[in-house]
Amino acid sequence: MKTEQEPASAPTAPSAGHLTEELRPQVNAIVKMAELLKTNTASDENVQQIVTAARGLLDVVSRQSAKRLDDNGAAGSESNEQCDVLYIEDDPIPFASVKLLLKTQRALKVLQAANGQTGFALAQTHAPKLILLDLDLPDIHGSEVIQHLQKDPVTAGIPVVVVSGDATPSQIERLLVLGARNYLTKPLTAQPFLAVIDQVLEASAVATG
């Protein structure tokens, strides 16, 4: 006897959050390529339009990612819940390494922002105890992030530690003058990195209370 076959179930569509994370590396690559083109052909209006559009798309991806974390409680619960460390870094590899190190060695909760604008917004809503800041961000330079943080009363007291591959003495001095508490160069070494984290957090705790 011929039996009726049940219709095959339709493939499950990927969630918006999944698509957002899938898009991030590609959009980051587009932004960096556009910036490179801009450097080589600064007067080309078409290249400038590509840079602007790519930055806008990355900002949309980052805002959607931040909103998803707040909506589904992936970071804990409410959007204003305090996290321990906010790491403003667009590269997922160093972020994952730092997150694992701080979680296992210091039991600290680390949140990521993939660009400067999102980092500033998350600093306002999550009130981290410490901000780790990369300088080579896809939307604005890390120095601009520090200036934004310093101007806002909500974030002005949050200590910022720069984590960058640029070890130029003049660059280090400039960022420290702008308000960074410390300046670490990549690649990071675990114990010296943890020592700086401990020192900054202890000094901040004394200052606030």
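How are H5 and H6 oriented to each other, roughly parallel or roughly perpendicular? I began my notes with that pair. The model is predicted, and I read every value below with that in mind.

**Entry 1: H5 and H6**

I looked up the axes. H5 and H6, the latter spanning residues 169-178, pack at an angle of about 15 degrees. Their axes are 10 Å apart. Angles under 35 degrees count as roughly parallel. H5 and H6 are therefore roughly parallel to each other. I noted the hand as well: H5 passes H6 in a left-handed crossing. From H5, the contact draws on Ser143, Ile146, Gln147 and Gln150. From H6 come Arg174, Leu175 and Leu178. I sorted the residues of this contact by class and got three nonpolar, three polar and one charged.

**Entry 2: H3 and H7**

The axes of H3 and H7 lie 11 Å apart, and the packing angle is about 70 degrees. That makes H3 roughly perpendicular to H7, because angles of 65 to 115 degrees fall in that class. The crossing of H3 past H7 is right-handed. On the H3 side I listed Val98, Leu101, Leu102, Gln105 and Arg106. They meet Ala190, Phe193, Leu194, Ile197 and Asp198 of H7. By class, the contact of H3 with H7 holds seven nonpolar residues, one polar and two charged.

**Entry 3: the whole chain**

I stepped back to the overall layout. The protein has seven helices and five strands. Along the sequence the order reads α-α-β-α-β-α-β-α-β-α-β-α. There are 209 residues, and 37% of them count as buried. I also checked how far apart contacting residues sit in sequence. Among contacts with a separation of 6 or more, 66% join residues 24 or more positions apart.

Which strand holds Leu133? I found Leu133 in strand E3. Its relative accessibility is 0%, so Leu133 counts as buried. The C-alpha atoms of Leu133 and Val163 are separated by 5.6 Å, though the two residues are 30 apart along the chain. Setting aside residues up to four places away in sequence, I listed what Leu133 touches: Tyr87, Ile88, Gly142, Val145, Ile146, Val160, Val161, Val162 and Val163. One of these, Ile146, belongs to the H5 side of the H5 and H6 contact.

Leu135 comes next in my notes. Leu135 lies in the loop between E3 and helix H5 (142-151). Leu135 is in a loop, yet at 3% relative accessibility it counts as buried. From Leu135 to Leu175 the C-alpha distance is 9.7 Å, across 40 residues of sequence. Beyond its neighbours within four places, Leu135 is in contact with Ile140, His141, Gly142, Ser143, Val162, Val163, Ser164, Gln171, Leu175 and Tyr183. Ser143 and Leu175 also take part in the contact between H5 and H6.

**Entry 4: the aromatic pair**

How many aromatic pairs does the count give? I found one. The ring centres of Tyr87 and Phe95 are 6.2 Å apart, with the planes at 45 degrees, so the pair is tilted. Both partners are covered: Tyr87 is buried at 1% relative accessibility, and Phe95 is buried at 9%.

**Entry 5: backbone exceptions**

I then looked for backbone angles that stand out. Most residues other than glycine have a negative phi, and most peptide bonds are trans.

Ala107 has a positive phi, near 55 degrees. Its place is the loop between helix H3 (92-106) and strand E2 (110-113). Ala107 counts as exposed, at 66% relative accessibility.

Ala127 also has a positive phi, of about 45 degrees. I placed Ala127 in the loop between helix H4 (116-126) and strand E3 (130-133). Its relative accessible area is 37%, so Ala127 is partly exposed.

Which peptide bond did I log as cis? The bond from Lys186 to Pro187 is cis, with omega near -5 degrees. Pro187 sits in the loop between strand E5 (182-185) and helix H7 (190-208).

Note on methods
Residues numbered from 1 in each chain as written. Predicted model: local features only at pLDDT ≥ 70, side-chain atom pairs only at ≥ 80, totals over all residues. Heavy atoms only, no water. Phe/Tyr/Trp six-rings, centres within 6.5 Å; stacked < 30°, edge-to-face > 60°. Buried < 20%, exposed > 50% of the residue type's maximum accessible area, 1.4 Å probe, protein only. Helix = DSSP H or I, 4+ residues; strand = E, 2+ residues; numbered from the N terminus. Axes fitted to C-alpha atoms, helices over the stretch in contact; angles between N-to-C directions. Parallel < 35°, antiparallel > 145°, perpendicular 65-115°, else oblique. Left-handed = near helix turned anticlockwise from the far one by under 90°. Contact = heavy atoms within 4.5 Å. Nonpolar A, V, L, I, M, F, W, Y, C, P; charged D, E, K, R; others polar.
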